[in-house]
Amino acid sequence: MEAPSRIGPLSLLIFLLASSGPVAAEKDGIDIYSLTLDSKVTSRFAHTTITSRVVNKAEEAREAIFQMELPKTAFITNFSMVIDGVTYPGEIKEKAAAQEKYSSAVAQGQSAGIIKATGRSMEEFQVSVNVAPTAKVTFELVYEELLKRQLGKYELMLKVRPQQLVKHLQIDIHIFEPQGISSLETESTFMTNDLADALTKTQNKTKAHIVFKPSLSQQQKEPGKEDTTVDGNFIVRYDVDRVTDAGDIQIENGYFVHHFAPAGLPMVPKNVVFVIDKSGSMAGRKMRQTREAMVQILGDLRPEDQFNLVIFDGHVFQWMPALLQASSQNVEQAKKFTSLISAMGATNINDAVLLAVKMLDDSNRKEKLPPGSVSMVILLTDGDATDGETNPKKIQENVKAAIGGSYHLYCLGFGFDVNYAFLEKLALENGGVARRIYEDSDSDLQLQDFYQEVANPLLTKVEFQYPDNAVELLTQDNFRVFFKGSELVVAGKLKSQLENSLLAEVKGQSSTQNFTFQTEVNVEDKEKVFQSPKYIFHNFMERLWAYLTIQQLLEKAVSASAEEKKSLEARALGLSLNFSFVTPLTSMVVTKPEGQDQAQVASKPVEAGEQGMDGGFPEPDFSRRFNLHCPGVSLVPTSALP
């Protein structure tokens with residue numbers, strides 16, 4: 001099958017090799033005799049366990065490297081190594097508490113494995129150990145994540161690269177969706193006719209089981225050769241049935257989750273101002289790809305939409321004096337204008353965004369914006385402000401005051417020269433999100449993909465309501481906008497005094513009417529659904545609630561005041577420790593037995609350009625890093641890693 005053009009929300013890479021050269025070329029080196037990837041997905045919550053077993057067949061000690069990728073949004077819950085029968089487990093601690101171990105390891109001059117960004121949505125986890133002759137090592141890593149619905153699909157992507165033939169290689173995926181699975185497909189970049197025979201897929205209304213278990217001969221590129229053909233992406237995409245527009249409520253062990261993605265709603269008109277950086281640093285491929293992407297994006301505007309363009313370097317220019325209807329004639333004129341944009345000059349972000357906001361304000365004041373429509377500004381820039389107002393904090397204050405909660409601001413940072421923390425706060429303070437656009441051959445597709453996520457608003461002012469005496473500890477329960485192809489998720493805890501019925505209402509507005517969706521579920525009946533341990537793991541819904549709560553607390557902290565940030569991070573830290581999640585506020589410490597003062601510290605990276613959390617470790621470069629210091633175990637210096 002052809003390679004997927006886009007990377008999904010859940011990604012996984014396994015990659016094990018010997019330090020002295022490619023494993024496949026070594027007849028008596030590190031041998032991976034078992035590699036299993038086990039993923040259980042229940043109500044969109046994915047629990048993934050990777051287990052790799054290796055043996056040193058050489059007559060001298062050899063180095064084995066365990067390397068994998070996990071989603072940046074995932075939380076590691078456990079990592080352990082079993083060396084010569086002794087287990088070295090991980091323990092989640094507050095970052096500040098782990099700092100002493102970290103500093104001690106550095107002071108002793110111990111080199112370390114490292115986790116850093118290797119792609120657009122992944123972090124690379126890597127650790128190496130010195131393996132004695134005939135000795136065996138088992139690596140096990142576990143992480144969890146809530147799959148996000150994007151463009152109408154959930155996606156689980158496993159990227160498998162053992163780099164040698166593996167006697168026992170198996171991918172085992174269980175999916176359980178009580179709503180019913182409406183579509184399911186698999187795709188692989190390395191699948192051959194022989195490997196296709198090793199893939200089995202079974203499915204009924206609510207469950208799917210996918211197993212990929214190739215034999216040694218099926219893995220071989222050529223008969224008699226050691227090279228493996230298993231090298232690339234293994235992807236599962238699916239969606240679920242939606243019987244009621246009020247969404248689906250699932251209940252397990254006193255916690256509930258409410259998934260909401262109604263179908264068949266009319267599109268809400270949008271008013272969008274595209275703000276495009278044309279400063280000198282955008283010259284070349286970035287500017288060309290931006291022009292190409294804008295031609296496609298403009299072509300996707302609907303006739304009922306309104307739009308305009310602002311381009312800026314050190315000066316700010318508007319295409320038209322006011323917003324225009326997205327008629328075919330206006331769109332074609334905008335395409336011609338966009339195709340002629342050339343890059344030069346400085347970067348005046350402040351005045352460019354404020355001009356875009358003024359355009360929306362003027363149209364709103366003249367009552368030219370359709371009732372119930374969604375108004376947004378989409379900013380694309382590749383660098384820091386160098387002209388006009390250049391103080392990031394002042395720009396944030398100016399933009400927040402100008403928007404006043406009336407519009408959405410989406411910030412796209414092109415490449416790694418941007419201050420991403422600045423763009424992220426700018427967006428989150430104004431009802432939007434930030435996204436990094438990676439400099440690559442498909443940067444134009446990245447821009448188009450992002451636009452598609454926000455191109456089709458269906459509802460605004462969405463509110464989830466439950467009886468006060470029924471639920472507590474709710475995650476976010478109101479949302480400014482719901483987009484086609486996405487999903488809104490609310491989780492919480494049921495109160496002990498709740499009767500055997502839970503009522504829920506979801507209210508929202510379209511451009512033509514107000515909607516109220518209502519559903520009522522039987523608690524006992526819902527809890528019976530999750531009694532098959534084969535498809536779930538214990539207390540998964542409570543962990544789903546904790547995961548979602550932590551993510552939202554950390555997101556709120558980005559744009560909060562200093563005092564509010566401290567409170568939000570304290571709550572997130574408590575949950576991280578209680579549920580053993582490696583988050584930006586915690587670290588995993590693995591201590592050697594017998595009371596030895598030796599430790600391994602694994603810390604969640606933050607996006608390049610972000611300010612570290614209190615107690616965090618310094619970020620020396622633009623990579624997202626996840627440090628593992630393992631005194632007492634021989635590790636490959638980072639400079640020696642491939």
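Helices here are DSSP runs of type H or I with at least four residues, numbered from the N terminus. Ser580 follows one of them, α12, and has a positive phi, near 55 degrees. Keep in mind that this is a predicted model.

Now look at α12 itself. The helix spans residues 562–578, 17 residues in total. From first C-alpha to last, α12 reaches 24 Å. That is close to the 24 Å expected at 1.5 Å a residue. Which residues of α12 are buried? They are Leu568, Glu569, Ala572, Leu573, Leu575 and Ser576. These residues cover an arc of only 165 degrees around the axis, so they sit on the same side of α12. The other side of α12 has exposed residues: Glu563, Lys566 and Asn578.

Next, turn to the strands. Strand β4 covers residues 62–71 and runs antiparallel to β9. The two are joined by 10 bridges. To see one of these pairings, find Phe66, whose bridge partner in β9 is Val127. Strand β9 itself covers residues 122–131. Why is β9 described as largely enclosed by the rest of the structure? Because nine of its 10 residues are buried.

Finally, consider confidence. The chain averages a pLDDT of 84, and 84% of the residues score at least 70. Over residues 108–116, pLDDT stays under 50. The model has 43 contacts beyond four places in sequence for that stretch. Over residues 610–642, pLDDT also stays under 50. Here the model has 116 contacts beyond four places in sequence.

Methods: Residues are numbered from 1 along each chain as its sequence is written. This is a predicted model: local features need pLDDT of at least 70, side-chain atom pairs count only at pLDDT 80 or more; totals for chains, interfaces and linings use all residues. Side-chain values use heavy atoms; hydrogens and water are left out. Buried means under 20% relative accessible area, exposed over 50%, partly exposed in between (1.4 Å probe, protein chains only). Two strands pair if DSSP finds at least two bridges between them. pLDDT is the predictor's confidence in each residue, from 0 to 100. Contact means heavy atoms within 4.5 Å. The expected span of a helix is 1.5 Å times one less than its number of residues. The arc is that of the directions from the helix axis to the C-beta atoms.
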